[in-house]
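We will go stop by stop, picking residues as we go.

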Amino acid sequence: MGNGTFGNGIYSVVTLTATTGLKPVIQISPETVEFGAVNIGQNSQKTITITNNGNADLTFSQIVSTSGNISIGGYNSLIAPNSSITVNLTFSPSIAQPYMGNINISSDDPDFPVKSVPFTGQGLT
């Protein structure tokens, strides 16, 4: 058993960090959504495709619209590497006016934790 002496001289503590190189990479298509002109009481449906081009699972914490006139259909909150999901969007204008905003997608992509997809639409009487 030693006495805690490790020789003579100056010693340094080295910190090592390792990374796996594994990460999700989000891609969204289309990059913008145009719902067009829609009569009040009617709706327009579009889809976006979310692809994981990375080499680790991509997980969503939320997909939300900045407008209460866009509803977002059910979706799987996890995408395996090199896989895609389709998300249904429904625009239902409540008054005759132009609408614009974003669909915000929050995920664990380290480079793009929130991706925004701009949308436009027009409510008609």
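## Stop 1: the opening strand

Select residues 26–29, which make up strand 1. Ile-26 and Ile-28 form its covered face. Gln-27 and Ser-29 form the uncovered one.

Now pick Gln-27 and look across: Thr-51 of strand 3 stands opposite.

## Stop 2: the whole chain

Zoom out. The model is a predicted one. Colour it by secondary structure: the protein chain has nine strands and zero helices. Read from the N terminus, the order is therefore β-β-β-β-β-β-β-β-β.

Colour by burial next. Of the 125 residues in the protein chain, 31% are buried. Then show the surface.

## Stop 3: the aromatic rings

Select the aromatic side chains. The structure holds four aromatic pairs. Start with Phe-35 and Phe-119. Their ring centres are 6.2 Å apart and their planes meet at 75°, so this pair is edge-to-face. The cut-off for that label is an angle over 60 degrees.

Check the burial of each ring residue. Phe-35 has 5% relative accessibility and counts as buried. Phe-119 has 2% and counts as buried too.

Move on to Phe-91 and Tyr-99. This aromatic pair is also edge-to-face, with 5.2 Å from centre to centre and 75° between the planes. Both Phe-91 and Tyr-99 are buried. Now show the two pairs together: Phe-35, Phe-91, Tyr-99 and Phe-119 form one aromatic cluster.

## Stop 4: Ser-44

Pick Ser-44, in strand 3 (residues 44–52). Is this residue buried or exposed? Its relative accessibility is 12%, below the 20% limit, so Ser-44 counts as buried.

Draw a distance from the Ser-44 side chain to the backbone oxygen of Phe-35. The side chain reaches that oxygen at 3.2 Å. Next, show the surroundings of Ser-44. Leaving aside neighbours within four places in sequence, its contacts are Phe-35, Val-38, Leu-89, Thr-90 and Phe-91. Phe-35 and Phe-91 are members of the aromatic cluster from the previous stop.

## Stop 5: Gly-121

Go to strand 9 and pick Gly-121. Gly-121 is buried, with a relative accessible area of 10%. Which residues does Gly-121 touch, not counting those up to four places away in sequence? The list is Phe-35, Gly-36, Phe-91, Gln-97, Pro-98 and Tyr-99. Among them, Phe-35, Phe-91 and Tyr-99 belong to the aromatic cluster.

The C-alpha atoms of Gly-121 and Ser-92 are separated by 9.3 Å, while the two residues are 29 apart along the chain.

## Last stop: a charge over a ring

Finish with Lys-115 and Phe-112. Lys-115 lies over the face of Phe-112, at 4.6 Å from the ring centre.

Methods: Residues are numbered from 1 along each chain as its sequence is written. This is a predicted model: local features need pLDDT of at least 70, side-chain atom pairs count only at pLDDT 80 or more; totals for chains, interfaces and linings use all residues. Side-chain values use heavy atoms; hydrogens and water are left out. Helices (H or I, at least four residues) and strands (E, at least two) are DSSP runs, numbered from the N terminus. Buried means under 20% relative accessible area, exposed over 50%, partly exposed in between (1.4 Å probe, protein chains only). Rings of Phe, Tyr and Trp (its six-membered ring) pair if their centres lie within 6.5 Å; planes under 30 degrees apart count as stacked, over 60 as edge-to-face and the rest as tilted. A charge sits over a ring if NZ of Lys or CZ of Arg is within 6 Å of the ring centre and within 35 degrees of the ring normal. A polar contact is a pair of N or O atoms within 3.5 Å; within protein, one must be able to donate a hydrogen and the other to accept it, and residues adjacent in sequence count only if both atoms are side-chain atoms. Contact means heavy atoms within 4.5 Å. Two strands pair if DSSP finds at least two bridges between them.
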